[in-house]
Amino acid sequence: MGFSRRQFLHRLGAVGGSGAVYGAMQTLGLLAPAVAAAKPVLPADLGRGRKVVILGAGIAGLVNAYELERAGFDVTLIEARDRLGGRNWTVRKGTTIRMNGEPDQICDWDEGPGLYFNAGPARLPSHHQGVLGYCDELGVALEIEVNSSRGAYLLPEQGPPLRQRQAINDTRGYVAELLAKAINKGALDQEMTPLEKQRLLPFLKAYGDLQADMSFKGTERSGFKALPGAADQFAEAVAPMSFGDLLANQRLPLSLFEDNIYMQATMFQPVGGMDRIPAGFERAIRSPILRGAEVVSIDQKPSGVTVVTRDPKTGQTRTVAADYAIVTIPLIVLAKIQNNFDRPVQAAIASVAYDNSTKVAFEAPRFWERDQIYGGISFVGGETSLVWYPSAGLHTAKGTLVACYSSGPVGAVFAKRARAEQIAMSAAAVERLHPGHAAELSKPLVVNWAKVPYNLGPWPNWDPAGGRQEGHTDLPAYRLLNQPHGRVQFCGAHLSQMPGWQEGAVLSAHRAITTLAQQVAAGGKAAA
């Protein structure tokens, strides 16, 4: 009679204890090194008799709670807010938006398909298999998120908006023509063999839709001046822009937006809003979840961890004791919480600055669909950066238009402006793209993540000098905080190579779970 891996580990643990289970898991490749991204497979009784307190019920905290309770741990999940999800936050009718130093906003949009606003993450790349795997496991229905539309625009500083299909295909045509000319004039003879040149020229003709003489005279790929129709209604391509005018458009580099590995199709979104993901975890988690529990202090001793929380509404305090703690609280918030961490750890936490990110959204009739835009993004530059069209509820009466998504250096400037000015600037960008339609925008909402309580920023800015963050963070503070600190582990997207993505939270949680399993197997000591 055969055994599943989980059954085998369970029986091994009954005979040899957790140390034997730990060794078997390593041998079988089920307990990957702490740097690995694979979802750990833990025996159901690994955590028997051991308590874990998880601070923060964002995606990282939810993944930890979900997996650890299934491994037999006594789990308590603590969340300062009344809702779960952290940065995963969907605004819809009745939602209150609370920001420090600002009057509350209450969403009074209509109800209906697509009438919601993902204030935080709003898309799921197809290679983010961790979070997509949980969507499948938890029964969270997905649909396509149209992340890029050739019908959307690039808006120069001066002049009319340019359709992305024309920007992309006219540029390809001119670049292909130039390269073909260089080859035919022998300018690349030192770099290419005769066979390579022979093979490249037909490709360039197809790539740029060039004429027989390898010149670019325009292409239907860039759009129609006259649509094809019945009988003798022949198609006619739009006239090509001059190469100089294309290059003068400051947004032209953003025609490469969807080439970014994080932005490539296929992209997904949960049906009904991104918060369907934390709702799926909430349905599945059996452990107690303490909401409205603001962490006041974290006290670690050799034998365990004690956490004191306070209800911000009543002032009532509560103490939770556990053998281990997993802290997913954003570092900028954690730095303000009383703790007895070692000084180097405290210094590392306090050293991390956070970025800015502001979104401005409106309810509106779907005028952009009459302009043949169904999802995707128009890039406008400046402080408001872009206009993001909804992918859900197509061909319904109303939709939600994200008229600003501002981050980075320009986001810092925009975040300091008064809310009314932020709204006006966002509406003005829409008016430039869609003349006459700004008046149809209504019920604006602003989410400035630097002012959102218990976040105080969207993601850490590990390299303020402007270096690459996604996939390339390697700093002393980052390395230190990714190691267990006694019986405390720090975890979250902010401690992953994808600090702005939910996948980073998932993978950081998997790492914390693996490290905790190693500690348990080692008798409670930190893994070497």
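Which residues are buried in helix α9, residues 343-351? They are V345, A348 and I349.

Before I go on, some ground rules. This is a predicted model, where local features need pLDDT of at least 70, side-chain atom pairs count only at pLDDT 80 or more, and totals for chains, interfaces and linings use all residues. Residues are numbered from 1 along each chain as its sequence is written, and side-chain values use heavy atoms, with hydrogens and water left out.

A few terms next. Buried means under 20% relative accessible area, exposed means over 50%, and partly exposed is in between, with a 1.4 Å probe and protein chains only. Helices (H or I, at least four residues) and strands (E, at least two) are DSSP runs, numbered from the N terminus. Contact means heavy atoms within 4.5 Å.

Back to α9. The face turned away from the buried side carries R343, P344, A350 and S351, which are exposed. And what do the buried residues of α9 pack against? Against α8 (331-334), α13 (476-481) and β25 (488-490).

Now the cores. A nonpolar core is a set of buried Ala, Val, Leu, Ile, Met, Phe, Trp, Tyr and Cys residues joined through side-chain atoms within 4.5 Å. The largest one has 41 residues. L68, F73, I277 and F281 have the most contacts inside it. At least two residues each come from β1 (51-55), α2 (59-70), β2 (74-78), α3 (129-138), α7 (276-284), β18 (324-327) and α14 (502-521). Helix α14 gives the most, with 8 residues. Another core lies apart from this one; it has 40 residues, including L162, Y174, A361 and W501.

Take I277. Not counting residues up to four places away in sequence, I277 touches I59, N88, L124, V131, C135, L138, V140, P270 and Q502.

Stay with α14 for a moment. S508 sits in this helix. Is S508 buried or exposed? Buried, because its relative accessible area is 5%. Beyond residues up to four places away in sequence, S508 touches C491, G492 and L495.

Next, a helix pair. α4 (residues 164-184) and α5 (residues 194-208) pack at about 155°, with axes 8 Å apart. So α4 is roughly antiparallel to α5. The contact uses, among others, A176, L179 and A180 of α4, and L200, L201 and L204 of α5. Axes are lines fitted to C-alpha atoms, for helices over the stretch in contact, and angles run from 0 to 180 degrees between N-to-C directions. Under 35 degrees counts as roughly parallel, over 145 as roughly antiparallel, 65 to 115 as roughly perpendicular, and the rest as oblique.

Then A152. A152 lies in the loop between β8 (142-144) and β9 (153-154). A152 is buried, at 0% relative accessible area. D371 is 219 residues away along the chain, yet the two C-alpha atoms are separated by 8.9 Å. Leaving aside neighbours within four places in sequence, the contacts of A152 include L162, I373 and Y389.

Last, the backbone. A cis peptide bond joins A265 and T266, with omega about 10°. D209 is not a glycine, but its phi is positive, near 55°. D209 is in the loop between α5 and β11 (224-226). At 30% relative accessibility, D209 is partly exposed.
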